Amino acid sequence: MALDKLLEQLGFSQNEARVYLSALKTGLNSAQNIAKEAALQRTTTYSILKVLTEKGLVAKSKEKGKTRFLSEPPDKLLALANTLSDRVKKSLPEFEA
């Protein structure tokens with residue numbers, strides 16, 4: 001299965017998946033370079049990086065006065081999936097009611 005499709009099954013939008021995978025591939029990098037790798041507009045990429053940072057899937061840092069982004073290790077995705085699974089299990093009684 002393609003990684004982007006797997007990410008979409010975890011709740012990522014198509015562009016979020018592209019940006020996450022591009023950030024993973026490029027390592028610590030600028031939004032501009034991540035955008036280039038993802039084949040998206042820089043402004044779109046900034047918005048997506050903000051969302052992924054809020055979700056804890058991308059880290060943001062300043063290096064020589066410039067903002068750089070680094071995707072968190074893929075293990076974080078497993079934690080995200082486990083959290084979602086736990087939430088569904090806790091909500092089962094509500095679904096069944």
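Residues are numbered from 1 along each chain as its sequence is written, and side-chain values use heavy atoms, with hydrogens and water left out. Because the model is predicted, local features need a pLDDT of at least 70 and side-chain atom pairs count only at pLDDT 80 or more, whereas totals for chains, interfaces and linings use all residues.

The protein contains five helices and two strands; helices (H or I, at least four residues) and strands (E, at least two) are DSSP runs, numbered from the N terminus. Along the sequence these elements follow the pattern α-α-α-α-β-β-α. The C-alpha atoms fill a box of roughly 55 × 25 × 20 Å, taken along the principal axes. The mean pLDDT, the predictor's confidence in each residue on a scale from 0 to 100, is 91 for the protein, and 99% of the residues score at least 70.

The strands form a hairpin with two residues between them, and K64 in the turn has a positive phi of about 55 degrees.

Strand β2 also contains F69. With a relative accessibility of 5%, F69 counts as buried, a class defined as under 20% relative accessible area, with exposed being over 50% and partly exposed in between (1.4 Å probe, protein chains only). Leaving aside neighbours within four places in sequence, F69 is in contact (heavy atoms within 4.5 Å) with residues including G27, L28, N29, S30, A31 and I34. Further contacts of F69 include Y46, L49, T53, V58, A59 and K60. F69 and A17 are 52 residues apart in sequence and lie 15 Å apart in space, C-alpha to C-alpha. N29, one of the contacts of F69, is placed in the loop between α2 (14–26) and α3. N29 is likewise buried, with a relative accessible area of 16%, and touches I34, R68 and F69, not counting residues up to four places away in sequence. For the protein as a whole, among contacts between residues at least 6 apart in sequence, 44% join residues at least 24 apart.

Side chains of opposite charge can pair when their charged atoms come close. A salt bridge was assigned where a side-chain nitrogen of Lys or Arg lies within 4 Å of a carboxyl oxygen of Asp or Glu, and the count by this rule comes to two. In one of them, E16 pairs with K55, with the closest N and O atoms 3.6 Å apart. This pair links distant parts of the chain, E16 being in helix α2 and K55 in the loop between α4 (42–54) and β1, 39 residues apart. E16 counts as buried at 11% relative accessibility, whereas K55 is partly exposed at 42%. Another salt bridge joins the side chains of E37 and K25 (3.1 Å, N to O). Here too distant parts of the chain are linked, with E37 in helix α3 and K25 in helix α2, twelve residues apart. E37 is partly exposed, with a relative accessible area of 36%, while K25 counts as exposed at 63%.

Buried residues make up 26% of the 97 residues in the protein. The accessible surface comes to about 6,600 Å², of which 53% belongs to carbon and sulfur atoms; accessible areas come from the Shrake-Rupley method with a 1.4 Å probe, and for residues only the protein chains shown count as cover. A nonpolar surface patch of about 380 Å² is made by L84, V88, L92 and F95. Patches consist of residues with over 30% relative accessible area and no salt bridge, with like charges joined within 9 Å and nonpolar side chains (Val, Leu, Ile, Met, Phe, Trp, Tyr) within 5 Å.

Note on methods. Two strands pair if DSSP finds at least two bridges between them.
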